[in-house]
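The following briefing concerns the sequence and structure displayed below.

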Amino acid sequence: MSTAMNFGTKSFQPRPPDKGSFPLDHFGECKSFKEKFMKCLRDNNFENSLCRNESKEYLECRMDRQLMAQEPLEKLGFRDLIDGKPEAKDKC
């Protein structure tokens, strides 16, 4: 008979992912920004490129309230909204 106990094995230590996981907004601190973004998506047939300003505002709210890690907006793809000029896109 063998037992299910393995005393020599290491216990698994879970580690959260670096990106993609952040606390829920339990207190609704950014709810108005989320609702504005969702309304924009619905009004624009879920074409997210038309709601980039709302998305940027929502992410800024989350970062300001420590609901996600601070990231430069340029790194999140909002450089054109910060500089005031559209990003150049390759036309192939």
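UniProt, in an unreviewed entry, places the feature "domain: CHCH" at residues 30-63; UniProt positions are given in the numbering used here, feature names are shortened, and annotations may be inferred rather than shown by experiment. Over residues 30-63 the chain is 74% helix and 0% strand, with the end C-alpha atoms 10 Å apart. This is a predicted model, in which local features need pLDDT of at least 70 and side-chain atom pairs count only at pLDDT 80 or more, while totals for chains, interfaces and linings use all residues. Residues are numbered from 1 along each chain as its sequence is written, and side-chain values use heavy atoms, with hydrogens and water left out.

**Confidence**

- The protein chain has a mean pLDDT of 80, and 67% of its residues reach 70 or more; pLDDT is the predictor's confidence in each residue, from 0 to 100.
- Over residues 86-92 the pLDDT is below 50, and beyond near neighbours in sequence this stretch has 4 contacts in the model (contact means heavy atoms within 4.5 Å).
- Among the elements, H1 has the highest mean pLDDT (96), whereas helix H3 (residues 79-83) has the lowest (82).

**Overall architecture**

- The protein chain holds 3 helices and 0 strands; helices (H or I, at least four residues) and strands (E, at least two) are DSSP runs, numbered from the N terminus.
- Of the 92 residues of the protein chain, 21% count as buried, where buried means under 20% relative accessible area, exposed over 50%, and partly exposed in between (1.4 Å probe, protein chains only).
- Among contacts with a separation of 6 or more, 44% are between residues 24 or more positions apart.

**Disulfides**

- The structure contains 2 disulfides, each defined as a pair of cysteine sulfur atoms within 2.5 Å.
- Cys 30 and Cys 61 form a disulfide with their sulfur atoms 2.0 Å apart. The pair links distant parts of the chain, 31 residues apart: Cys 30 lies in the segment before helix H1 (31-43) and Cys 61 in helix H2.
- The link of Cys 30 and Cys 61 is left-handed, with -95° about the S-S bond, and both cysteines are buried.
- Cys 40 and Cys 51 form a disulfide with their sulfur atoms 2.1 Å apart. Here Cys 40 belongs to helix H1 and Cys 51 to the loop between H1 and H2, 11 residues apart.
- The disulfide of Cys 40 and Cys 51 is left-handed because the torsion about its S-S bond is about -95°; Cys 40 and Cys 51 are both buried.
- With bonded cysteines counted along the chain, the disulfides follow the pattern 1-4, 2-3.

- The 13 residues of helix H2 (residues 52-64) should span 18 Å at 1.5 Å a residue, which agrees with the 18 Å between its end C-alpha atoms; the expected span is 1.5 Å times one less than the number of residues.
- The buried residues of H2 are Glu 54, Ser 55, Lys 56, Tyr 58, Leu 59, Cys 61, Arg 62 and Met 63.
- Just after H2, Gln 66 takes a positive phi of about 55°.
- Asn 45 lies in the loop between H1 and H2, has a positive phi near 55°, and counts as exposed because its relative accessibility is 69%.
- Phe 46 lies in the loop between H1 and H2; its phi is positive, near 60°, and Phe 46 is exposed, with a relative accessible area of 54%.
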